[in-house]
Amino acid sequence: MKISEILKHKSTISFEVFPPKNKDGDISSIYYTIDELSKLNPDFISVTYGAGGSTKGKTVEIASTIKNKYQIESVAHLTCISSTKQEILETCQQLKDNHIENILALRGDYPKDPLFNKEDLEFHYAKELNEFITQKFPNNFCLSGACYPEVHQEAACFEDDLKSLKAKVDAGAEYLITQIFFDNNYYYRLVKEARKIGIGVPIIAGIMPITNSKSLLRTAKMCGTSIPYELSTMIENYYHYPDAMKEIGINYATHQIIDLITNGVDGIHIYTMNKPEIAQRIFDSIPTVLKELNHD
Ligand code: FAD
């Protein structure tokens, strides 16, 4: 089923997983993760795409298992910056053959390769990927896009980023998933300003429960996400205590989720970092609030 169909009737709760990285290319550990996440009955699980990396190609396999073995809707992330049109055609064909109906269409980050040359690119922005897939596979896929409550790092300003977002939606993105944020006010600003310029599609909030201070700082830097004073004080006090950091991360994310649901969010997407026990603990602590998302 297309996620856009689900979103017509309810707000969603979903998870993101990534293909595990290891030397032998063995991804079997992901199936434990999915086993556990499936017990929480999510509306969908998305699978990241490691452009050019060792896990390239695993996205289709994992998304296919989620859909065909676990009977849970899956969303395959797909980046285009390092791909040719032919490669995108082949991946989309594989997704279609595996009955996957949902693609999170992304540009991806510029490769760090010094030989990388922007002149050679066949795709420059996610918008072009939307146009290409829509043209080559009309009606096969529900496309979605990424959006940035704290502005994408390459954008000159919030307004420019929002205009590009509108173009991406006009090119076929039927719903959006946000980059992580730790201050819900950035999400509310994005939704409010997006609606003003005619972006009407659902905007799902991406929430990352932090589990250790190092990964939090690394991720926040990579994603251009700010850390509120309140959270940074907690980290400062507890970064030596892994169990305390986990409790703080889970409770902080849970509090964000309660606030978002209270304010009528379109959906919650939990970046699980392949740690199903974290999602489980969030679910255990607010079962009644999560039902407010129209979710049994
Ligand atoms: P775009 O929408 O193309 O935007 C990129 C930049 O270009 C922005 O600054 C935008 O303002 C600007 N822009 C867009 N269109 C135009 C235009 N027409 N003219 C001028 N400027 C324009 N990365 C991965 O490698 N694999 C993943 O699986 C993955 N999953 C992600 C999931 C989510 C929910 C999010 C939020 C991000 C994910 N990313 C992933 C990271 C993403 O690839 C990067 O953030 C990337 O830098 C931008 O991708 P995009 O699709 O948002 O790009």
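Q: At what angle do helix α2 and helix α3 pack?
A: In this predicted model, helix α2 (residues 29–38) packs against helix α3 (residues 58–68) at an angle of about 35 degrees. The axes of the two helices are 11 Å apart.

Q: Is that crossing right-handed or left-handed?
A: The crossing of α2 past α3 is right-handed.

Q: And which residues meet there?
A: From α2 come I30, Y31 and I34. In α3, they meet E61, I62, T65 and I66.

Q: What classes of residue make up the contact of α2 with α3?
A: Five residues of this contact are nonpolar, one is polar and one is charged.

Q: Turning to the strands, in what order do they close into a barrel?
A: Eight strands form the barrel, in the order β1-β2-β3-β4-β5-β6-β7-β8. Their pairing is parallel.

Q: How many degrees does the twist average from one strand to the next?
A: The average twist between one strand and the next is 30 degrees.

Q: Over how many bridges do β6 and β7 pair?
A: Strand β6 (residues 173–178) and strand β7 (residues 203–207) are joined over two bridges, in the parallel sense. Opposite L176 stands I203 in β7.

Q: Which strands does helix α4 touch?
A: Helix α4 (residues 85–97) packs on the sheet and touches β3 (73–79) and β4 (102–106). The direction of α4 makes about 175 degrees with that of β3.

Q: What about α10, where does it lie?
A: Helix α10 lies across β7 and β8 (267–271). Relative to β7, α10 runs at about 165 degrees.

Q: How do the lining residues divide by class?
A: The second largest pocket has three nonpolar, three polar and three charged residues in its lining.

Q: How many cavities of 30 Å³ or more are there?
A: The count comes to one cavity of 30 Å³ or more. The volume of the largest cavity is about 30 Å³.

Q: Which residues line the largest cavity?
A: The residues are Y148, P149, E150, V151, Q179, I180, C223, G224 and T225. By class, the lining of the largest cavity has five nonpolar residues, three polar and one charged.

Conventions. Residues numbered from 1 in each chain as written. Predicted model: local features only at pLDDT ≥ 70, side-chain atom pairs only at ≥ 80, totals over all residues. Heavy atoms only, no water. Nonpolar A, V, L, I, M, F, W, Y, C, P; charged D, E, K, R; others polar. Axes fitted to C-alpha atoms, helices over the stretch in contact; angles between N-to-C directions. Helix = DSSP H or I, 4+ residues; strand = E, 2+ residues; numbered from the N terminus. Left-handed = near helix turned anticlockwise from the far one by under 90°. Contact = heavy atoms within 4.5 Å. Pairing = 2+ DSSP bridges. 1 Å grid on protein atoms, 1.4 Å probe; cavity = no way out; pocket = protein on both sides within 12 Å on 5 of 7 lines; lining within 4 Å. Points joined across faces, edges and corners; volume = space filled by probe spheres on them.
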